[in-house]
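My interest is in how its side chains pack and where space is left between them.

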Amino acid sequence: MPGRTGLPAWKALAAHRDALANTHLRGLFAADPQRGERFAVDAAGWHLDYSKNRIDAESLRLLLALADQCDLRARIDAMWRGDKINVTEQRAALHIALRASAAEEFAVDGEDVVPEIHATLARMADFCARVRDGEWKGYTGKPIRAVVNIGIGGSDLGPVMAYEALRHYSRRDMQFRFVSNVDGTDFCEAVRDLDPSQTLFVVCSKTFTTQETLANAHAARAWLLSSLGDDRAIARHFVAVSTNAAEVAKFGIDPANMFGFRDWVGGRYSMDSAIGLSTMLAIGADNFRAMLDGFHAMDTHFHSAPFARNLPVLHGLLSIWNTNFLGVESVAILPYDQYLKRFPAYLQQLAMESNGKQVSQDGARVEYATSPLYWGEPGTNGQHSFYQLLHQGTRRATCDFIGFRTSLNPLGEQHRLLLANLVAQAEALAFGKTADDVRAEGVAEHLVPHRSFDGNRPSNVLLADALTPATLGALVALYEHSVFVQGVIWDIDSFDQWGVELGKQLAARIVPELHDASAPLTHDSSTNALIRRLRRH
């Protein structure tokens, strides 16, 4: 197979981009009064309006041809079969099995993994019910009233995002905190107002050797014992999400209170596995299962829908178009719902850890851009900070606007104002305001350049009826599959993350050098000078 840029569809898309060079969204909408309806698709409770991307019917045809020439259908089928599509680690990437129904089968190395997944979910549900009902008591006999999740990366970003997104459905007589940063401030502030006798720690580490997570877990252990004094208290105040029973037991956690998951569950794809234990503690097993149902609905759509009407496929292909043919370097995630305030951070890991790669699956350096940067903030806050750049800056971003028809917290006219801003921002980015429009408003000529907007800036609008556990699950699955589609087109392994290793390895080497002032330093002159400066303090 030729390199991606040698594919006929890639070459045709490059030529097509040149043909559209002087095309503005204003012209595309004027030429097609039904454009807003034609360039839209619905799936799993979500509506995607992608009409404000600088594409036409030919763009879409060529992008779909590119998907075919990159064997996207075969790659999707390989995922569903449990093939080892994580090629550098020789693992399956079968997170879709985590939300499969009990009647389905997903096999890894010939073993159907669905029964084990549902058995783990049942154990989680039983444990969560005992904690939430007060049956599970702390060491002194008091019920648990605070849960602190300790993890990092996917073991933190998924649970904290899901908790914040579904806080409306959570137990309000319990506290839920999340600790990830090895900076001691993160832990100290999380537990400052908590009662150790009523606090449960959920330690999430697949190997139970993750440096930052274990440092925070040992800090939690010391904090608890400083109050309760007896090592036997650990078993009543700590549970583990891990696969290393020996290390879990060494820490003092009863292995019976360990919830596991397989190595084919990547960290950034794990929020619907046992890693979601703190989420289930917050929202209850029924709501957690509803979230899994939302995941599954989008999975089913992704697997079965024709690509021309396939929401994750279209979303991923549009990112390819904007990134590789229009030169857009970032994606702004703009949820118009305060509950989704951690969603941009969650997508940063999902997208950039998955597709922030520079070599193809066979190890050859790619000759095209891969993952754009992901960033964002909830609307309308962002409108009063970085939207200036989005509208008039020299750097371009694709904007994903996310909103809900109804509010979980209706307050006067505020939700209508929120939605009006969402729709208006997408309209303004697309159409802008010409210099003649500004002059027609009577603006002084010297101010016309300052008050003109080019427009022609791409955006997607994603709408659902309400933020529920099911719509959240479907939204996350949408982006999971969109990221996968992009990785297939770029011919990269979206499921490894070797780029996170080097810094961690060097940090492990530097820790003892900071501790021992007599240790010889053999780094570069800058690193040596920084270590010596830190030693002096």
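Predicted model: local features only at pLDDT ≥ 70, side-chain atom pairs only at ≥ 80, totals over all residues.

**Entry 1: nonpolar cores.** I looked up the largest nonpolar core and found 124 residues in it. The members that touch the most others are W46, L277, L281, F343, L472 and Y479. A second core, of 26 residues, is separate, and I noted A190, V191, L228 and I234 among its members.

**Entry 2: L281.** I took L281 from the list of core residues with the most contacts and looked up its partners. Leaving aside residues up to four places away in sequence, L281 touches F127, C128, V131, R132, V147, F176, L200 and V202.

**Entry 3: helix 13.** I checked the length of helix 13, residues 285-304. I listed the buried residues of helix 13 as A285, F288, M291, L292, G294, F295, M298, D299, H301 and F302. As background, I noted that residues three or four places apart on an α-helix point the same way, because there are 3.6 residues a turn.

**Entry 4: pockets.** The largest pocket holds about 970 Å³ of space. I counted 40 residues in its lining, with T210, G267, Q497, V500 and K504 nearest the centre. By class, the lining of the largest pocket comprises 13 nonpolar, 17 polar and 10 charged residues. Helices 7, 9, 15 and 20 each supply at least two lining residues, and helix 7 gives the most, with four.

The second largest pocket holds about 460 Å³. Of its 16 lining residues, Q338, S407, N409, Q414 and L418 are the closest to the centre. I recorded seven nonpolar, eight polar and one charged residue in this lining.

**Entry 5: cavities.** I found three cavities of 30 Å³ or more. The largest cavity has a volume of about 130 Å³, and L98, I117, T120, G260 and F261 are the closest to its centre among 15 lining residues. Its lining divides into nine nonpolar, three polar and three charged residues.

The second largest cavity has a volume of about 70 Å³. I noted H315, L318, S319, V331, Y374, T398, D400, N460 and Q486 as its lining. Helix 14 provides the largest share of that lining, three residues.

Notes:
Residues numbered from 1 in each chain as written. Heavy atoms only, no water. Core = buried A, V, L, I, M, F, W, Y, C linked by side-chain atoms within 4.5 Å. Buried < 20%, exposed > 50% of the residue type's maximum accessible area, 1.4 Å probe, protein only. Contact = heavy atoms within 4.5 Å. 1 Å grid on protein atoms, 1.4 Å probe; cavity = no way out; pocket = protein on both sides within 12 Å on 5 of 7 lines; lining within 4 Å. Points joined across faces, edges and corners; volume = space filled by probe spheres on them. Nonpolar A, V, L, I, M, F, W, Y, C, P; charged D, E, K, R; others polar.
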